[in-house]
Each structure stands twice: as C-alpha cells, then as structure tokens.
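Visitor: I would like a close look at one part of this protein, the pocket. Please describe what surrounds it as well, step by step.

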Amino acid sequence: GLRAYFQPGTHELTLRKGDVLFLYPDGLTQARGLDRTYFHAHLPDELAGLAGLGPEEFAAALRRTLLEFTAGNLIDDITMLVLRVGDSPLRVPRKK
C-alpha cells in the first residue's frame, strides 16, 4: 500500500504517433538473475531491442526475457502496461 510520506504528483508528457509508454513496478527492475544481478542493469538494452514491436509483442518478449534472466524465479509481482500512440479508433455511433 501507499505510505504516509508518499506525495503523488503529475507530469505532462507529449507523445507522438508511434511513441510507446511503458509502465512497470519495482518487481521488474529488482528481479534477480542466478548471478544475483538486478534486471534494471539490463533493462535499457532490452527495451532498445524491442523498438518497433506492437504492445502485445513488446510485453510478451520482455516477459520471456525476464523469465530467462531469472530462470523463472520471480519473487515479486510483475505488471507491465505498454501503450503505443496511434490513430484514434473509429467510434461506432450509439443507437438511440
């Protein structure tokens, strides 16, 4: 849960078509490999290798990489939210 000292804030970010927003908890960055290194040291290179993938493929590929890195031994929750900026979906008119 949230701690008493937590101060929520806002940050504005301009995203353009094709940009990806990737959100994840500390469970991803603090995952450890068999050599006891943290995944956060590998994350920038892994993310660069996923450029151009769609959100579903991006999340699936990173999940596979994380499971390989940890040999399937995850001790914290891992949640990933991957959003790609694109065209707005067509809206279907509501029936009255």
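Guide: Read from one end of the sequence to the other, the chain follows the pattern β-α-α-α-β. That makes three helices and two strands. The model is a predicted one. Of the 96 residues in the chain, 17% count as buried. The chain exposes about 8,100 Å², and carbon and sulfur atoms supply 54% of that area. Among contacts between residues at least 6 apart in sequence, 65% join residues at least 24 apart.

Now the pocket. Rolling a probe the size of a water molecule over the atoms shows where empty space is left. The largest pocket found in this model has a volume of about 250 Å³. Its lining consists of 13 residues, and those nearest the centre are Ala31, Arg32, Arg36, Asn73 and Ile75. By type, the lining divides into five nonpolar, five polar and three charged residues.

Take Arg36 from that list. Arginine 36 sits in the loop between helix 1 (26-29) and helix 2. Its relative accessible area is 55%, and the cut-off for exposed is over 50%, so Arg36 counts as exposed. Its backbone is also worth a look: Arg36 is not a glycine, although it has a positive phi of about 70 degrees.

A second residue with a positive phi is alanine 71, which is not a glycine either; here the angle is near 55 degrees. Ala71 belongs to the loop between helix 3 and strand 2 (81-84). With a relative accessible area of 51%, Ala71 is exposed.

Is Thr70 buried or exposed? Its relative accessible area is 1%, and buried means under 20%, so Thr70 is buried. Leaving aside neighbours within four places in sequence, Thr70 is in contact with Ala31, Arg32 and Gly33. Two of these names, Ala31 and Arg32, are also among the residues nearest the centre of the pocket.

In soluble globular proteins, nonpolar side chains tend to be buried together. The largest nonpolar core in this model has 12 residues: Phe22, Leu28, Ala31, Phe39, Leu43, Leu50, Phe58, Ala61, Leu62, Leu66, Phe69 and Val82. Helix 3, residues 55-70, supplies the largest share of this core, with five residues.

Not counting residues up to four places away in sequence, Phe39 touches Leu28, Thr29, Ala31, Glu46, Leu62, Thr65, Leu66 and Phe69.

Leucine 53 lies between helix 2 (43-49) and helix 3. Its relative accessibility is 30%, so Leu53 counts as partly exposed. Leu53 and Arg84 are 31 residues apart in sequence, with their C-alpha atoms 9.5 Å apart in space.

Definitions and conventions
Residues numbered from 1 in each chain as written. Predicted model: local features only at pLDDT ≥ 70, side-chain atom pairs only at ≥ 80, totals over all residues. Heavy atoms only, no water. 1 Å grid on protein atoms, 1.4 Å probe; cavity = no way out; pocket = protein on both sides within 12 Å on 5 of 7 lines; lining within 4 Å. Points joined across faces, edges and corners; volume = space filled by probe spheres on them. Nonpolar A, V, L, I, M, F, W, Y, C, P; charged D, E, K, R; others polar. Core = buried A, V, L, I, M, F, W, Y, C linked by side-chain atoms within 4.5 Å. Buried < 20%, exposed > 50% of the residue type's maximum accessible area, 1.4 Å probe, protein only. Helix = DSSP H or I, 4+ residues; strand = E, 2+ residues; numbered from the N terminus. Contact = heavy atoms within 4.5 Å. Areas by Shrake-Rupley, 256 points an atom, 1.4 Å probe, with all protein chains shown as cover.
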